[in-house]
Amino acid sequence: MPDALTLRVRALVDTPPGARRLVLDLDGIPFAYEAGQAAAIGLHGQRDRRPYSIASAPSDTSTEGTIEFLVRTQPGGGLGRHLDGVTVGARIDFEGPFGEFLLPEVLPDTPMLLIAGGTGLAPLR
């Protein structure tokens, strides 16, 4: 299993429809990333980690000391086996950032079409 940070769940909030906002406490660990990147997360000690787009802005992460994800709920309200039974205070293994879903530094003069997947919210937030 690759090295991972172990972070505590600061908050787990229902965000209709069918998702939860998972807020992890960085506990003073500096963490740099760019909007549009992702991380793989799962309960501490599990091999199963799944990638999620980071939903918090890099500036919010550095100011608040947290990092957020929007996680789609399964039928019945669970978050899937990699996060099954997660509660506030639980430990989460975290790998990242990775991915390059980034806007170019110089935006073109022509219109752009952005398409989001997953919960559909995190990449656009």
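User: Where does Asp-27 sit?
Analyst: Asp-27 is in the loop between strand 2 and strand 3. Keep in mind that this is a predicted model.

User: And what's its phi?
Analyst: Asp-27 has a positive phi, about 50°, even though it is not a glycine.

User: Is Asp-27 buried or exposed?
Analyst: Exposed: the relative accessible area of Asp-27 is 67%.

User: Switching to charges. How many salt bridges are there?
Analyst: The structure has six. One of them pairs the side chains of Asp-25 and Arg-10, with N to O at 3.2 Å.

User: Which parts does that pair tie together?
Analyst: Asp-25 is in strand 2 (residues 19-25) and Arg-10 is in strand 1 (residues 5-14), so the bridge links parts that are 15 residues apart in sequence.

User: How accessible are Asp-25 and Arg-10?
Analyst: Both sit in the middle category. Asp-25 is partly exposed at 23% relative accessible area, and Arg-10 is partly exposed at 43%.

User: What does Asp-14 pair with?
Analyst: Asp-14 makes a salt bridge with Arg-20, and their closest N and O atoms are 2.7 Å apart. Asp-14 counts as exposed, at 56% relative accessibility.

User: Now Asp-93. Which residue does it bridge to, and how far apart are the atoms?
Analyst: Asp-93 forms a salt bridge with Arg-49, where the closest N and O atoms are 3.6 Å apart. Asp-93 is in strand 6 (residues 91-98), while Arg-49 is in the loop between strand 3 (38-43) and strand 4 (50-53), so this pair ties together parts 44 residues apart in sequence.

User: Are those two buried or exposed?
Analyst: Asp-93 is buried, at 4% relative accessibility. Arg-49 is buried as well, with a relative accessible area of 13%.

User: Which residues are in the network with Arg-49?
Analyst: Asp-93 and Glu-95. Salt bridges with shared partners join Arg-49 to these residues in one network.

User: What's the distance for the Arg-49 and Glu-95 contact?
Analyst: Their side chains are joined by a polar contact of 2.3 Å.

User: So remind me, where is Arg-49 in all this?
Analyst: Arg-49 is in the loop between strand 3 and strand 4, and it is a buried residue at 13% relative accessible area.

Definitions and conventions. Residues numbered from 1 in each chain as written. Predicted model: local features only at pLDDT ≥ 70, side-chain atom pairs only at ≥ 80, totals over all residues. Heavy atoms only, no water. Salt bridge = Lys/Arg side-chain N within 4 Å of Asp/Glu carboxyl O. Helix = DSSP H or I, 4+ residues; strand = E, 2+ residues; numbered from the N terminus. Buried < 20%, exposed > 50% of the residue type's maximum accessible area, 1.4 Å probe, protein only. Polar contact = N/O pair within 3.5 Å; in protein donor to acceptor, adjacent residues only side chain to side chain.
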